[in-house]
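The following exercises concern the structure shown below.

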Amino acid sequence: MSLGHTSRSSSLIWMLAALIAIGPLAVDAYLPAMPDMARDLNTSIHHVEFSLSFFLIAFGLGQLIGGPLSDQFGRRTTISWGLAMFSLGSLLAIFTPSIEILWLARLLQALGGGLGVVNTMGVIRDLYSGKESTRALSRVISIMMAAPLLAPFLGSGLLLISNWRSIFVFLLAYALLLLLVLLRALPETRRASAKSVEQGFHPFKRYGSVMRHPMALGYLFSTAFSQAGMFAFITGAALIYMEYYGASAQVFPILFGMNILTLMLFNRVNLWLLNHREPITILRGGQALQLTIGALLAACFAIFDLPLYAVVAGIMLFIGLHGLIMSNGISSAVDYFPESAATASALMTASGFMIGALAGGLVGLLGDGSPLPTLVVMACCPLLGILLRRLCHAFARPHHLAPETQEEATNSNR
């Protein structure tokens with residue numbers, strides 16, 4: 001590999017990481033400002049919290065819409081539309097006079113963000129395949145993980161020097177700068193094939209082809225339920241760390257951030273493992289370990305009422321193992337759809353948001369004031385992911401298998 005090619009590849013990875021980071025930045029940066037926003041907009045903090053729920057739902061919807069658009073009209077075009085819409089939503093949030101307008105602003109931000117972010121996997125699949133695709137996605141995720149780690153501190157810092165609207169000024173500036181950089185430096189990687197042009201724009205047909213593919217569907221369940229385990233933790237994190245164990249508001253971000261650091265570490269481990277193992281082998285191992293850690297954590301807490309440090313350590317391992325599952329699952333599934341890479345990626349990531357929302361709701365429904373319901377739901381998520389993957393892959397026929405993965409996929413239900 002030439003030095004010039006290596007430099008271009010590195011620049012591409014950083015650009016894609018900056019694009020995908022727009023989601024965590026838009027979610028986490030304004031969390032510390034919620035009480036101030038409620039007071040300024042003369043509403044309750046619960047109404048401000050609704051803006052987060054609206055954002056998550058619309059972010060998934062934006063990806064579902066953006067996937068087929070990207071596959072049909074190109075990556076650069078769809079990214080431009082998405083970042084322009086995100087910028088418009090940010091501008092509206094800066095000058096919002098009421099909570100209702102804030103909800104609308106967050107919807108616009110989320111739809112635009114989803115529309116842009118879904119192109120990340122599309123670009124990667126356009127340029128890479130197999131292990132190289134998994135390596136590229138893992139590198140993107142490793143860099144992107146700095147966003148959820150730093151975003152709460154960024155929001156708190158902006159609140160010290162200004163008010164909550166400055167957070168949306170930052171998001172507006174970030175989106176506009178990113179748009180300029182990508183338009184200048186990101187090439188159009190999608191190449192319209194004769195088959196794609198002939199088929200035209202049929203998003204439901206594209207999604208149907210993914211849903212009818214048992215190998216891809218097995219990977220979808222693997223990644224979606226791994227994400228659901230993370231959302232279950234995020235939903236119950238404040239109760240576990242602050243209410244049950246009494247951690248302060250200053251300590252909570254540190255405990256929460258430790259999970260992000262572990263996830264970054266496991267993404268690096270995944271890159272090393274890809275030099276020695278196939279993606280499906282790493283994914284299976286990650287799921288098995290995540291199930292083991294989750295089950296042991298829930299069982300030990302139920303029996304021994306574990307101290308805080310033990311729960312923190314167990315959750316760090318559980319969340320970290322997501323790094324062995326996500327990139328391997330998505331890249332393995334998308335490999336089957338070279339002409340609909342963004343569509344397949346959109347369906348997988350949006351499924352994670354939707355199943356994650358159900359897992360978070362179940363945590364709230366079963367809540368009894370202790371960490372046990374959260375830990376049980378977390379443990380059940382990898383179990384369901386493994387069972388559904390094995391069931392789907394058991395029904396796979398030879399023509400469903402990609403040539404380079406037939407041997408590994410034959411054993412994927414072990």
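**Exercise 1. State what share of the protein is buried, and describe its overall make-up.**

Step 1. Of the 414 residues in the protein, 56% are buried; buried means under 20% relative accessible area, exposed over 50%, and partly exposed in between (1.4 Å probe, protein chains only). The model is a predicted one, in which local features need pLDDT of at least 70 and side-chain atom pairs count only at pLDDT 80 or more, while totals for chains, interfaces and linings use all residues. Residues are numbered from 1 along each chain as its sequence is written, and side-chain values use heavy atoms, with hydrogens and water left out.

Step 2. The protein has 20 helices and 0 strands. Helices (H or I, at least four residues) and strands (E, at least two) are DSSP runs, numbered from the N terminus.

Step 3. Among contacts with a separation of 6 or more, 83% join residues 24 or more positions apart. A contact means heavy atoms within 4.5 Å.

**Exercise 2. Identify which residues have the most contacts inside the largest nonpolar core.**

Step 1. A nonpolar core is a set of buried Ala, Val, Leu, Ile, Met, Phe, Trp, Tyr and Cys residues joined through side-chain atoms within 4.5 Å.

Step 2. The largest such core has 118 residues, and Phe 168, Tyr 241 and Ile 315 have the most contacts inside it. Helix α13 (residues 214-244) gives the most to this core, namely 16 residues.

Step 3. Beyond its neighbours within four places in sequence, Ile 315 touches several residues, including Phe 233, Ile 240, Tyr 241 and Leu 375.

Step 4. Another core, of 5 residues, lies apart from the largest one; Phe 266, Ile 282, Leu 321 and Leu 324 are among its members.

**Exercise 3. Determine which partners Arg 135 meets.**

Step 1. Arg 135 belongs to helix α8 (residues 130-144). Its relative accessible area is 12%, so Arg 135 is buried.

Step 2. Apart from neighbours within four places in sequence, Arg 135 contacts Leu 271, Leu 274 and Asn 275. The side chain of Arg 135 comes to 3.0 Å from the backbone oxygen of Leu 274.

**Exercise 4. State how many salt bridges the structure holds, and examine examples.**

Step 1. A salt bridge is a side-chain nitrogen of Lys or Arg within 4 Å of a carboxyl oxygen of Asp or Glu. The structure holds 4 of them.

Step 2. One joins the side chains of Arg 39 and Asp 36 (2.2 Å, N to O). About one helical turn separates Arg 39 and Asp 36, because they are 3 residues apart in helix α3 (residues 34-40). Arg 39 is exposed at 59% relative accessibility, whereas Asp 36 is partly exposed at 30%.

Step 3. Asp 40 and Arg 165 also meet through their side chains in a salt bridge (3.2 Å, N to O). This pair links distant parts of the chain, 125 residues apart, with Asp 40 in helix α3 and Arg 165 in helix α10 (residues 165-185).

Step 4. In the salt bridge of Arg 75 with Asp 126, the closest N and O atoms are 2.8 Å apart. Here helix α5 (residues 75-94) holds Arg 75 and helix α7 (residues 119-127) holds Asp 126, 51 residues apart. Arg 75 is buried at 1% relative accessibility, while Asp 126 is partly exposed at 23%.

**Exercise 5. Locate Asn 42 and Asp 305 in their loops.**

Step 1. Asn 42 lies in the loop between α3 and α4 (45-73). Its phi is near 55°, a positive value in a residue other than glycine, and Asn 42 is exposed, with a relative accessible area of 73%.

Step 2. Asp 305 lies in the loop between α15 (279-304) and α16 (308-320). Although not a glycine, Asp 305 has a positive phi of about 50°; at 43% relative accessibility, Asp 305 is partly exposed.

Conventions: A polar contact is a pair of N or O atoms within 3.5 Å; within protein, one must be able to donate a hydrogen and the other to accept it, and residues adjacent in sequence count only if both atoms are side-chain atoms.
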